Amino acid sequence: MTTAARILIVEDSPFITMALEAMCDSLGWVLIGPARDAAQGLALVASATIDAALVDVMLGDGHGWGVADALRARGIPFLFITGHDPAGLVPVRFASVPVVRKPFRLAGIEAPVRQLLAARSSRIMPLPAS
């Protein structure tokens, strides 16, 4: 028996959040959050068990870069969602992070999240040094 994937959503739009909540529910994923701003997102990254995350580039209180940095530091895969052109917007340090443009359909988000989850589950943890 497998455990349901735990997906953090950091998104300030109530309409996008409702769509993502419905997606998580329909796919059997556990929603973490949603966080409506960077501060809430950072608190959840620090305290919750998360398998993957969706981070809005432009939050009401600024960009999602701090949340992305915290996720990366914890080894949690994530993708960005944005209604803006990501070219020149996303910092170079996140050049390898997938970006999904709004508006999106379920399949447009489901496939990249499944890729994040597959990549996370296929990682081999190094043995501790003796």
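Arg93 has a relative accessibility of 43% and therefore counts as partly exposed, where buried means under 20% relative accessible area, exposed over 50% and partly exposed in between (1.4 Å probe, protein chains only). Its salt-bridge partner is Asp69, with the closest N and O atoms 3.0 Å apart; a salt bridge is a side-chain nitrogen of Lys or Arg within 4 Å of a carboxyl oxygen of Asp or Glu. This pair links distant parts of the chain, 24 residues apart: Arg93 is in the loop between β6 (78-82) and β7, and Asp69 is in helix α3 (residues 65-74). Helices (H or I, at least four residues) and strands (E, at least two) are DSSP runs, numbered from the N terminus. Asp69 is also partly exposed, at 32% relative accessibility.

The model is predicted, so local features need pLDDT of at least 70 and side-chain atom pairs count only at pLDDT 80 or more, while totals for chains, interfaces and linings use all residues. Residues are numbered from 1 along each chain as its sequence is written, and side-chain values use heavy atoms, with hydrogens and water left out.

The whole structure holds six salt bridges. In one of them, Asp56 pairs with Lys102 at 3.2 Å between the closest N and O atoms. Asp56 belongs to strand β3 (residues 52-56) and Lys102 to the loop between β7 (99-101) and α4 (106-122), so the contact ties together parts 46 residues apart in sequence. Both Asp56 and Lys102 are buried.

Within helix α4, Glu110 and Arg114 are four residues apart, which means about one helical turn between them. Their closest N and O atoms are 2.8 Å apart in a salt bridge. Glu110 is buried at 19% relative accessible area, whereas Arg114 is partly exposed at 41%.
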